[in-house]
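Please look over the model shown below, with attention to one strand and its partners, and then to the surroundings of the ligand.

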Amino acid sequence: MSVTVRVPAKVNVQLAVGAARPDGFHDLANVFLAVGLYDEVTVTPADELRITCEGPDAHQVPLDRTNLAARAALVLADRYGLDPAVHLHIAKDIPVAGGMAGGSADGAGALLACDALWGTHASREELLDICAELGSDVPFSLVGGAALGTGRGEKLRTLDVGGTFHWVFAMADRGLSTPAVFREFDRLGEGTDIPEPVASEPLLDALAKGDPDALAAAVSNDLQPAALSLFPQLADTLAAGRAAGAMTGLVSGSGPTTAFLARDAESAEKVAAGLRASGTCRDVRRTSGPAPGATVIG
Ligand code: C5P
């Protein structure tokens, strides 16, 4: 008996970041869009908790209890007084340390898979509560679609999306640490007045209407200067994607994956080809959003 859950990656179409709070986190206005790159988490009863991972980036994935998939199993087992003796296998397609919530996806996936395997039938509310405990982006990985995250990103309001948006993602040859990017954001902002993060109404309208031109004009990422400061070569990738016909390009979340919006599937293929030929990235993937959240598939 085993359970497999499929979980999407995300891109932040808006990431407004406030000043550091006393707890070190930052208040956000974080507009998440789930996109069709997926990890699959399979959970099987075992003698003890263990994790394996397959995929091109598998060697970069921690296989100990710091992995969010393991932490999800431990938290759920603890709440229900169960033994967390399971084998968690992650088939990883989302880039590691890429700014696309791959680790969060595995946390949400393992949680849903263990809930189904153990028959704990936790309510949606309880699952979301555990997700928020695991990390700021984990609730969104469970929910998928599009949502506005406030607080540290974990308080979600589902958003309407009136169409399909076509994206091209350029993967970098190394990862960036999210805490390091937030620290760089703090450093770059030292001595300046950092406004309260607010969701952009034109951006929410563009999503609701499914209008790529309006979305391209409205996307923003306050972490982009920090990611570029730590990883200056990303500027070349952004320029290459725009030169290849992308409507806009931005760093995805804390990076270093860069995200390019294309008008349609055909144009996305051209952008992808241009990026591949540019030699400014390790890999290029074409997909669309919104995508559904964590789903039991077997
Ligand atoms: O919540 P999560 O564990 O994913 O956050 C990872 C790190 O990113 C935090 O330790 C913090 O440094 C930074 N972060 C932040 N403000 C947020 C979310 C994350 O400063 N809203």
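Strand β7 (residues 165-171) pairs with β10 in the antiparallel sense over five bridges, where strands are DSSP E runs of at least two residues, numbered from the N terminus, and pairing requires at least two DSSP bridges. This is a predicted model, in which local features need pLDDT of at least 70, side-chain atom pairs count only at pLDDT 80 or more, and totals for chains, interfaces and linings use all residues. Residues are numbered from 1 along each chain as its sequence is written, and side-chain values use heavy atoms, with hydrogens and water left out.

**Strand β10 and its partners**
- Strand β9 (residues 248-251) runs antiparallel to β10 and is joined to it by four bridges, with G249 opposite F260.
- Six residues lie between the strands in the hairpin of β9 and β10, where G253 takes a positive phi near 55°.
- Because five of the five residues of β10 (residues 258-262) are buried, this strand is largely enclosed by the rest of the structure; buried means under 20% relative accessible area (1.4 Å probe, protein chains only).
- T258, F260 and A262 are buried on one side of β10, and A259 and L261 on the other.

**Ligand surroundings**
- An N or O atom in the side chain of H26 is 2.7 Å from an oxygen atom of the ligand, and a polar side-chain atom of S136 lies 2.5 Å from a ligand oxygen atom.
- A backbone N or O atom of R152 lies 2.9 Å from a nitrogen atom of the ligand.

Terms used. Buried means under 20% relative accessible area, exposed over 50%, partly exposed in between (1.4 Å probe, protein chains only). A polar contact is a pair of N or O atoms within 3.5 Å; within protein, one must be able to donate a hydrogen and the other to accept it, and residues adjacent in sequence count only if both atoms are side-chain atoms.
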